[in-house]
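Subject: Structure for your review

Dear colleague,

Please find the structure below.

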Amino acid sequence: VNSWPGRAAAGGARFSDRRGALAPQGAAGVQPGEATGRSLPGVSAGQVMGFAFFHCCYTKKSTRVLTCIETSPMKNTTFPSAALPATILADDTLSTPLDKRVIGERNRTDVLTWLARFGWLTGRMVASLVWADAAQAHAMARRTLRNLADDKLIIMRAMPSGGAAYLLSAKGARLLSEQTGMTAESGNALALGNPVHRACSNWYLIRAVQQGYDIVTEHEIATERGPCRVLRGKQADGLVVAADGACIWLECEHSAKSRPERHKTVALVQECLDSDQQVEIAPGFWLARLAVVATNEQALRWMSASFMDANRGGLLRDSQVASVDVCLLPISKSLVPGDPVDGNMWWDVVVPALAG
């Protein structure tokens, strides 16, 4: 894990100056032309007033997930690489191209594997996982999903706001277990829960997969197929895992949580991050950072205010707040993601607010 501060910002829609990219206009650390956008309204009494979250305007789109862990692909992690699809584990040095039928079967297995790991996915999510670099990704995903549905290997379920979610059928789960040896269960009785909240977690983790990281999905954690389910009274919305076992704990926010619920997240950071000893969440896995990912400004504003209050009240050290990353990841009603904006809770939220 790289030390903080001193990290190099990722390319794309990002915070080019860690001291002021989220600061109010005119706050220290913001240079003219670095970022423009609309500020968040002040929070209510008892919260920190007047800080602003900026939608940074750059030419590239953000692809950053881990702001402090090096983006080196995972090669030696034992969990849960055994369940990764063939496209992730395949040897890229093959000199002879594979037969199209072999590629097609591999893609079908990959789709089934990702459905088993995420619980449910939309067609866009499947396209981003299996055909991330293909020009006709969505068309290939639709064709493959239609064929799998015709073969009774997957279930299509209508979403409340339109579109469809895809889940494993009992037949598909049996086939996947026979082919790969991984534990797979039918999604026939699986509840979709809050689709927007789950989509927020899914898309953030999909972005990590595209960068070469290992992940543990919210579905795997909820079904006790992850390294841990509960830590200090909190259940993660997903984990991003680096090659050395360092984990980013994902905390997704779609609506404003109650004060006690927000305090549970603050307490997790207080007890487990930037402590004298690394907190092991499972053998070979330790907690390195926490990422607050919000689908809207209000949810992010309230969570940020809780961290700022804890810092001002002496419950959290500056270095502990700096171990929390933030991401504004809009999700539409049809579960399509907008352009993400990444930052750090200390440098991009608290410091500019204090300076203002």
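Helix α11, which spans residues 345–355, is mostly covered, with nine of its 11 residues buried. Please note that the model is a predicted one. The buried residues of α11 are Met345, Trp346, Trp347, Asp348, Val349, Val350, Val351, Pro352 and Ala353. Among the elements that cover them are the strands β7 (285–294), β8 (324–328) and β9, together with the helices α9 (297–312) and α10. At the start of α11, the backbone nitrogen of Trp346 has a side-chain oxygen of Asn344 within 2.9 Å.

In strand β9 (residues 341–344) lies Asp342. Asp342 counts as buried because its relative accessibility is 6%, and the cut-off for buried is under 20%. The side chain of Asp342 forms a polar contact of 3.2 Å with the side chain of Arg207.

In helix α10 (residues 318–321) lies Gln320. With a relative accessible area of 2%, Gln320 is likewise buried. Its side chain reaches two backbone oxygens: that of Val269 at 3.5 Å, and that of Gln270, which lies 3.0 Å from a polar atom of the Gln320 side chain. Leaving aside residues up to four places away in sequence, Gln320 touches Val269, Gln270, Leu273, Asp274 and Leu315.

Yours sincerely

Definitions and conventions: Residues numbered from 1 in each chain as written. Predicted model: local features only at pLDDT ≥ 70, side-chain atom pairs only at ≥ 80, totals over all residues. Heavy atoms only, no water. Helix = DSSP H or I, 4+ residues; strand = E, 2+ residues; numbered from the N terminus. Buried < 20%, exposed > 50% of the residue type's maximum accessible area, 1.4 Å probe, protein only. Polar contact = N/O pair within 3.5 Å; in protein donor to acceptor, adjacent residues only side chain to side chain. Contact = heavy atoms within 4.5 Å.
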